[in-house]
Amino acid sequence: EGDTGGGHVFVQPTPAAHAGATGVVAAPPPVSPDSPTGRCAELLLFLDTATRLRSAAHAELDAGRPSAAVAAAADALAMVSESAAASAPLHVLMVAALSRLGRHVEAIAVCDRGLASPGDLSSPPGVYSWATERERLLLRRAGCFLTLNQPARALADYRSAAAHSPGSAQAAAGVCRAWEALQAQAGAEGGNLYAALGVERHATDDQIRRAFRGLALRYHPDKTAALSEHARLEGMARFALVHDAFERLRTPDLRAAYDATIDG
């Protein structure tokens, strides 16, 4: 304290005053890991490590080393597995690396885990948006399904991605590509128009009509409404195939022209 003419004023001690006669500043007391300061420091170290691992995974993928990218992404995911916000971008990164390696089944499994995370679809756009990451996972999984010749499942994911982001050109293009692949698959499995309806080449008009009615009833959208998304889409493609076969075979001129292509 200093004299100010009858009053007293408090003088803030300086580091030198704390240091004593030697002038050496004493070290601050140790911080307990269980204190708020200790927990904050631990969290910052955790986030820094996870960020560096994610950056390393990106660098490995950009450098054309997908196997190393998978390993780095796996290490990062092991740290942040409880956080949907932190793990979703890592799932997308790992799927990209696995796809480059041709490990599409594993990539689909990673997408499944990422999409099962309880993310917040209402989160605002920014550094992290669960809706954006979900769309990316759906698009990645759809691409894997197409590669594995599972167009119905791919179409279901592309449609879901388009629902999340109606303006997505990638989702819209994927819907068209998957639908064409699904129709081509249905046509290939059907063999020809007669095989599509399950009748012989010389079937009568009545046999063709009865075969169509049975298949149309089986694959009609009203009958497949309770099935899974990809099963309903397969039904739609099959329904379109049998409808086209019936329309061509029930008309004499069109049937004769088709028979000529078989004979020719």
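Reply: A helix here is a DSSP run of H or I with at least four residues, and helices are numbered from the N terminus. Keep in mind that this is a predicted model. With that, Asp206 and Arg209 both sit in helix α10, three residues apart, about one turn of the helix.

Me: What makes the pair Asp206 and Arg209 a salt bridge?

Reply: The cut-off is 4 Å between a side-chain nitrogen of Lys or Arg and a carboxyl oxygen of Asp or Glu. Asp206 and Arg209 come to 3.8 Å, N to O, so the pair is within the limit.

Me: And why does Asp206 with Arg210 get that label too?

Reply: Their N to O distance is 2.9 Å, so this pair also falls within 4 Å. Asp206 and Arg210 are both in helix α10, four residues apart, again about one turn.

Me: How do you know that Asp206 and Arg209 are partly exposed?

Reply: Buried means under 20% relative accessible area and exposed means over 50%, with partly exposed in between. Asp206 has 41% and Arg209 has 33%, so both land in the middle class.

Me: What makes Asp205 and Arg255 a salt bridge, and which parts does the pair tie together?

Reply: The closest N and O atoms are 3.4 Å apart, so the pair meets the 4 Å limit. Asp205 lies in helix α10 (residues 205-219) and Arg255 in helix α13 (residues 252-263), so the pair ties together parts that are 50 residues apart in sequence.

Me: Are Asp205 and Arg255 buried, exposed or partly exposed, and why?

Reply: Asp205 has a relative accessible area of 45%, so it is partly exposed. Arg255 has 13%, which is under 20%, so Arg255 is buried.

Me: How many salt bridges turn up in the whole structure?

Reply: The search finds 11. Elsewhere, Asp112, Arg141 and Asp157 are linked in a network of salt bridges.

Notes
Residues numbered from 1 in each chain as written. Predicted model: local features only at pLDDT ≥ 70, side-chain atom pairs only at ≥ 80, totals over all residues. Heavy atoms only, no water. Helix = DSSP H or I, 4+ residues; strand = E, 2+ residues; numbered from the N terminus. Buried < 20%, exposed > 50% of the residue type's maximum accessible area, 1.4 Å probe, protein only.
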